[in-house]
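Subject: Handing over the structure

Hi,

Here is the structure I promised to pass on.

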Amino acid sequence: MTLIQASAVAIDGRALLIEGEPASGKSSLALGLIDRGAKLIGDDGLELARDGERILAKPPPNIPGKFEIRGIGIVDMHPVSAPLALILTLAEDAPRFREMADTRDVLGLTIPCLPFVPGPIAPFERAIWALHIHGLAFA
């Protein structure tokens with residue numbers, strides 16, 4: 001088990017982890033995805049735990065369900081847990097086109113990892129497609 005500073009949402013039972021520098025748009029991307037039906041796992045903090053041949057993304061133990069909306073305040077949401085399927089790394093210099101995602105070792109398992117520019121053009125839809133195309137599938 002490990003605690004990390006990132007945001008994560010569950011889409012169709014799979015966790016999409018969003019990482020990046022402070023103020024890079026992690027929470028904004030997560031909020032837009034939640035507005036489109038995703039479920040909160042954690043905002044700016046979550047727990048990762050090995051569960052057999054998958055990594056389970058779980059709400060952070062000290063602030064489960066807390067979500068900061070910048071300039072508005074902290075709201076309460078019902079958090080969920082889900083197996084980690086994809087890591088999006090927010091970066092302004094991400095390549096425009098990718099045939100395959102990179103991979104990263106997380107707690108001894110290989111997880112797809114994709115550089116992602118949130119930008120103003122369809123960031124939420126692109127994140128959902130990234131999960132569909134590059135994310136791990138679970139039976």
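**What I found**

Helices here are DSSP runs of H or I with at least four residues, strands are runs of E with at least two, and both are numbered from the N terminus.

Before going on, a word on where this comes from. It's a predicted model, so local features need pLDDT of at least 70 and side-chain atom pairs count only at pLDDT 80 or more, while totals for chains, interfaces and linings use all residues. Residues are numbered from 1 along each chain as its sequence is written, and side-chain values use heavy atoms, with hydrogens and water left out.

Back to H1: Lys26, Leu29, Ala30, Gly32, Leu33 and Ile34 are buried there (under 20% relative accessible area, with a 1.4 Å probe and protein chains only).

H1 also turns up in the largest pocket: H1 (26–35) and strand E7 (66–69) are the elements that give two or more residues to its lining. That pocket has a volume of about 420 Å³ and 18 lining residues, with Ser27, Asp43, Asp44, Glu68 and Arg70 nearest its centre. The lining splits into 7 nonpolar, 5 polar and 6 charged residues.

Some terms: on a 1 Å grid over the protein atoms alone, a pocket is an open set of points where a 1.4 Å probe fits, with protein on both sides within 12 Å along at least five of seven lines, and lining residues have an atom within 4 Å of a point. Points are joined across faces, edges and corners, and the volume is the space filled by probe spheres set on them. Nonpolar covers Ala, Val, Leu, Ile, Met, Phe, Trp, Tyr, Cys and Pro; charged covers Asp, Glu, Lys and Arg; the others, including Gly, are polar.

The second largest pocket holds about 350 Å³. Of its 14 lining residues, Arg96, Arg98, Leu114, Phe116 and Arg126 lie nearest the centre. By class, the lining has 10 nonpolar, 1 polar and 3 charged residues.

Finally, the strands. E5 (46–51) and E6 (54–58) pair antiparallel over 5 bridges (pairing takes at least two DSSP bridges). They form a hairpin with 2 residues between them, and Gly52 in the turn has a positive phi of about 65°. Leu48 stands opposite Ala57 in E6, and Ala57 has Ala82 as its bridge partner in E9. E6 and E9 (82–90) run antiparallel, joined by 2 bridges.

Cheers

Definitions and conventions
Buried means under 20% relative accessible area, exposed over 50%, partly exposed in between (1.4 Å probe, protein chains only).
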